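My entries follow in the order in which I made them.

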Amino acid sequence: QAPTVVLACAHTLPGLIVGLPEAHACAAPPVLPVRGQVSWGSQLPGQRQPAVPVAGSGYALGLDAHTLLFGATTQHHDADPAVREADHRHNLQQAVRLGAVSSDGAGDPLAHDLLPHGLHGRVGWRATTPDRLPLVGALPWSDNRLSRLASRARRDQVRLIPRERDARGGLYVLSGLGSRGITWSTLAGELLAHWVTGSACPVEASLRDALDPARFLARQHRQQG
C-alpha cells in the first residue's frame, strides 16, 4: 500500500487496470505488444565497426571494439519467443543499408545460404500505443464512473477528465515507450514528477496533453459528440 502508485509495466498495463475495484476503476489506455528481434556478432563478414551509434531504418552500434549490435525487426501479433534466421537476415540487411556491414564482393554476409558464424540474437516485445506516443500521467476514471457524474460537459477536453488521485496521492502510469524507449525515458520521468508533485512542467502544455493517458478517452467522447 502507498498513497501514490506508478504503473510502469509495459504491455501488461491494460490487464492490471481492468482488475481495479469499481470504486477506483480507471479507463485502460490501449497498449499493444510488438515483437522485435535484435542481432549481434563479432568479426562478421564485411563488418565495419561504427565509431558512433547509427540509426535510420534500424540501428547499429558497437558494444566493444569487435562486437556489433544491430536490428531490429518489427512484428505485430507475433508471440514467438524463438530467435529466427529470417529475422537475422532482415537485421543484416538493415546493417548493410546503414553502412555498418559491407555487401561488396566475397565478404557479402548475405551472399550465402548459411548465416555468418557467431551470430546471436534476442527477442523482446515493445509496449506501443496507436499514436506511437508514450503514456505519462494520472489515470482517468472509467466510463462507468464518469457516467454517474451529474455533468457530462467537456469530457472531450483531456485536462477536464477526472483522475484517480486526490490530495493524498494517486494512480499514475508511465508506459508505451515503444521502440525508442531509452530516448523518451529521462523526459518522461521528469514529466511524471510534475504530475505527482506539482513541480514545474518540463514541456509545453500541448505536449503534456499529447502524452496524457486520458487522450484516448477524450478522443472517444469527441467522436461521440
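How many disulfides does the structure hold? I found 0 disulfides, taking a disulfide as a pair of cysteine sulfur atoms within 2.5 Å. For Cys26, which is in no disulfide, the nearest cysteine sulfur is that of Cys9, 13 Å away.

I noted that this is a predicted model, in which local features need pLDDT of at least 70 and side-chain atom pairs count only at pLDDT 80 or more, while totals for chains, interfaces and linings use all residues. Residues are numbered from 1 along each chain as its sequence is written, and side-chain values use heavy atoms, with hydrogens and water left out.

I then looked up exposure, where buried means under 20% relative accessible area, exposed over 50% and partly exposed in between (1.4 Å probe, protein chains only). Cys26 is buried at 8%, whereas Cys201 counts as partly exposed at 30%.

Cys26 also belongs to the largest nonpolar core, which has 11 residues, including Leu135, Val173 and Phe216; such a core is a set of buried Ala, Val, Leu, Ile, Met, Phe, Trp, Tyr and Cys residues joined through side-chain atoms within 4.5 Å. Beyond its neighbours within four places in sequence, Leu135 is in contact (heavy atoms within 4.5 Å) with residues including Leu13, Val31, Val173 and Phe216.

Last, I followed helix 4 (residues 181-197), helices being DSSP runs of H or I with at least four residues, numbered from the N terminus. Its buried residues include Leu191, Leu192 and Trp195, and helix 4 is followed by Gly198, whose phi is positive, near 80°.

Notes: Helices (H or I, at least four residues) and strands (E, at least two) are DSSP runs, numbered from the N terminus. The expected span of a helix is 1.5 Å times one less than its number of residues.
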